[in-house]
Amino acid sequence: MATASSPEKINAERRKRVFLGSLPPDFLRISATSQQQQEAADQQTALALQQQFADAPLMQNLTGRLNITVAQAKLVKNYGMTRMDPYVRLRVGHCVYETHTDPNGGKNPSWNKVVQCLLPQGVNSLYLEIYDECSFTMDELIAWAQIPIPKVVFSGETHEEWYPLNGKQGDGQEGMINLVLSYAKVPMNPYGMYTAGGVAPIMMVPSTASPVYGLRPYAPVPVYTQHPPPVAPPVELKEADLKQVEEMFPNMDKEVVKSVFEANGGNKDATVNSLLQMCE
């Protein structure tokens, strides 16, 4: 029996090395392309901007936080050849929110989605639309309603009710939707401004118009917040810190490194952490 140090085995190992050659240091390592690095940098930039927006105070025209629970709906008809995939779009003031889609929800969709939004002064109702999500065509508008916010909600009570829906069958004849509404005043910071902590993000999406809005069907409507948050003064970026970060990541595109560096406000440690996450 041949041992571990037998001449036959040593010769076999030598033949393998001659055939294969020496393996490179990055063998089996997946190298990211410039496009993938740029996409990762854009993602880090978006996360940084979202964090800045979430931490920014809002203007003084807000009255409090409105909590809307979109529970379920009972529709009178299933439009289409298959069961509908309904979702709800809410408009409160100038902000638009959406629930997730209930696959095969048909005439009895259920969402149980809680939407938290800051309520501007003078807004005492909300607009609601139900769509059937379509894969190859534009989502179809199924039902809509303009729902006044009950006065008992502003006094601190939680109000649950089934609201009638308008649609092709007529006003109030398309079915009903179950909503739970509650309201709480938002605390003010020492500068006399309301803070936005814990509020759901605003969906900056075009709203497909309906008879509720008085616009032509499928007219694109840009959605904006009523008052943008105050813009912070630009942060002075240190070229020395940027150069050090570039030296730490020599294989990464310099434009990508610079984008992440600017998104993190020139914070060298935060930039290094973001780039390490991208590499992973």
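Is T271 buried or exposed? Hi everyone, let me start with the answer: T271 has 0% relative accessibility, so it counts as buried. Buried here means under 20% relative accessible area, exposed means over 50%, and partly exposed is in between, using a 1.4 Å probe and protein chains only.

Before I go on, a word on the model. It is a predicted one, where local features need pLDDT of at least 70 and side-chain atom pairs count only at pLDDT 80 or more, while totals for chains, interfaces and linings use all residues. Residues are numbered from 1 along each chain as its sequence is written, and side-chain values use heavy atoms, with hydrogens and water left out.

Back to T271. You will find T271 in helix α6, residues 268-279. Helices are DSSP runs of H or I with at least four residues, strands are runs of E with at least two, and both are numbered from the N terminus. Leaving aside residues up to four places away in sequence, T271 touches V245, V257, V260, F261 and N264; a contact means heavy atoms within 4.5 Å.

Now to the strands, please. Two strands pair if DSSP finds at least two bridges between them. Strand β8, residues 170-184, pairs with β1, residues 62-75, in the antiparallel sense over 10 bridges. In that pairing, V70 stands opposite L179 in β8. Strand β7, residues 159-167, also runs antiparallel to β8, joined by eight bridges. There, H159 stands opposite L181 in β8, and β7 and β8 form a hairpin with two residues between them.

Next, the rings. Phe, Tyr and Trp rings (for Trp, the six-membered one) pair if their centres lie within 6.5 Å; planes under 30 degrees apart count as stacked, over 60 as edge-to-face, and the rest as tilted. That rule gives two aromatic pairs. In one, the rings of Y87 and Y131 have centres 5.6 Å apart and planes at 15°, so they are stacked. Y87 lies in strand β2 (residues 86-92) and Y131 in strand β5 (residues 125-132), so this pair ties together parts 44 residues apart in sequence. Y87 and Y131 are both buried.

In the other pair, F154 and Y183 have ring centres 5.2 Å apart and planes at 65°, so they are edge-to-face. F154 sits in helix α3 (residues 151-154) and Y183 in strand β8, 29 residues apart. F154 is partly exposed at 33%, whereas Y183 is buried at 12%.

Finally, R89 lies over the face of Y131, 5.0 Å from the ring centre. The rule is NZ of Lys or CZ of Arg within 6 Å of the ring centre and within 35 degrees of the ring normal.
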